[in-house]
Amino acid sequence: MLENIKTNAVPFLSYAILVYTNLYILIPRYLLKKRISSYVLLMAFSMVMITLLASSYLAFYFENINIQTAEFFTSIRGKIAVITEVIISLCLSMTLFLIDEWYKKEQLIKELEQKHLASQIGFTNNQINEHFLFNSLNNIYVMLDEKVNTKNGQSHIFIKSDGMVIKVFLDDITYVETANDYVYINTIHKDRYLTLVSLKTIEKELPAEKFMRVHRYYLIGIAHVSKLEGNLIHIGKTKIRISRALRTQVYQSIIGNKLIER
């Protein structure tokens, strides 16, 4: 029993560190932000290092116990056996991660549906209580306000989020990112609204002179761009990748003829 623990302690610990690093560092910082090449390079480097560490430890451990086993772990076949265990560990952890993400998404959808239903019930109840007149007048005010904004230039939009209808000023929106059937609307106030519309739909509702698509997953507020760095746009501390096909158009729209150079 003790010998088995000594044999597997370092390999198991190294596999556990790799799995943790993958799930809580590499996936959130690189894979989910569509930085695929960086993720693949870092993942490959980590797998090679863990393989070398585990095989070297096993070869050292068996050196005075079984010379054939020690030689096996120093050979290519031994390293292939170790990296196979590493890949299996990663596959199992990725499977668990995907199941967890799917479960969270399903729970979020159910929660949004419940809040929407609750808001609908609340609206129905308002039809028969003393606040109905106030709500009706408020709706008329919102409609008139929207008409004024259409004439004088749109200043805000309304979105459904967390069971509420929220007013969001266009000048406050820094960028919009897609999340499957939803989008996240980010603002200068650090608010982050999740709403059930597609990025294509929200793009049609926003004025083209203030917002532009820079990637299939991102829409940015042009006024909030602080830096351009190759294929990256800086908005505050957030870096957003520019699609290669849109790079020239993005640079022209953001910089125009305002670049001062020699």
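Helix α4 gives the most to the lining of the largest pocket, with nine residues. The model is predicted, so that local features need pLDDT of at least 70 and side-chain atom pairs count only at pLDDT 80 or more, while totals for chains, interfaces and linings use all residues. Residues are numbered from 1 along each chain as its sequence is written, and side-chain values use heavy atoms, with hydrogens and water left out.

The largest pocket has a volume of about 1300 Å³. A pocket is here an open set of points on a 1 Å grid over the protein atoms alone, with protein on both sides within 12 Å along at least five of seven lines, and lining residues have an atom within 4 Å of a point. The volume is the space filled by probe spheres set on the points, which are joined across faces, edges and corners. Of the 34 lining residues, L32, K33, K34, E177 and R192 are the closest to the centre of this pocket. The elements that give two or more residues to the lining are α1 (2–31), α4 (76–126), β3, β4 (182–187), β5 and β10 (238–241).

The chain as a whole has seven helices and ten strands. These elements are DSSP runs numbered from the N terminus, with helices (H or I) of at least four residues and strands (E) of at least two. Of the 262 residues, 29% count as buried, where buried means under 20% relative accessible area, exposed over 50% and partly exposed in between (1.4 Å probe, protein chains only).

Five of the strands form an open sheet in the order β5-β4-β3-β7-β6, with antiparallel pairing. Two strands are said to pair if DSSP finds at least two bridges between them. The edge strands, each pairing on one side only, are β5 (192–195) and β6 (211–215). From one strand to the next, the twist averages 20°.

Strand β7 (residues 218–221) pairs with β3 (residues 173–179) in the antiparallel sense over three bridges.

A second hairpin consists of β1 and β2, with two residues between them, and D162 in its turn has a positive phi of about 55°. Strands β1 (residues 156–161) and β2 (residues 164–169) pair in the antiparallel sense over six bridges, and I157 stands opposite V168 in β2.

Strand β9 (residues 232–235) contains L232. This residue is partly exposed, with a relative accessible area of 22%. Leaving aside neighbours within four places in sequence, L232 is in contact with K227, K239, I240, R241 and I242.

Technical notes. Axes fitted to C-alpha atoms, helices over the stretch in contact; angles between N-to-C directions. 1 Å grid on protein atoms, 1.4 Å probe; cavity = no way out; pocket = protein on both sides within 12 Å on 5 of 7 lines; lining within 4 Å. Contact = heavy atoms within 4.5 Å.
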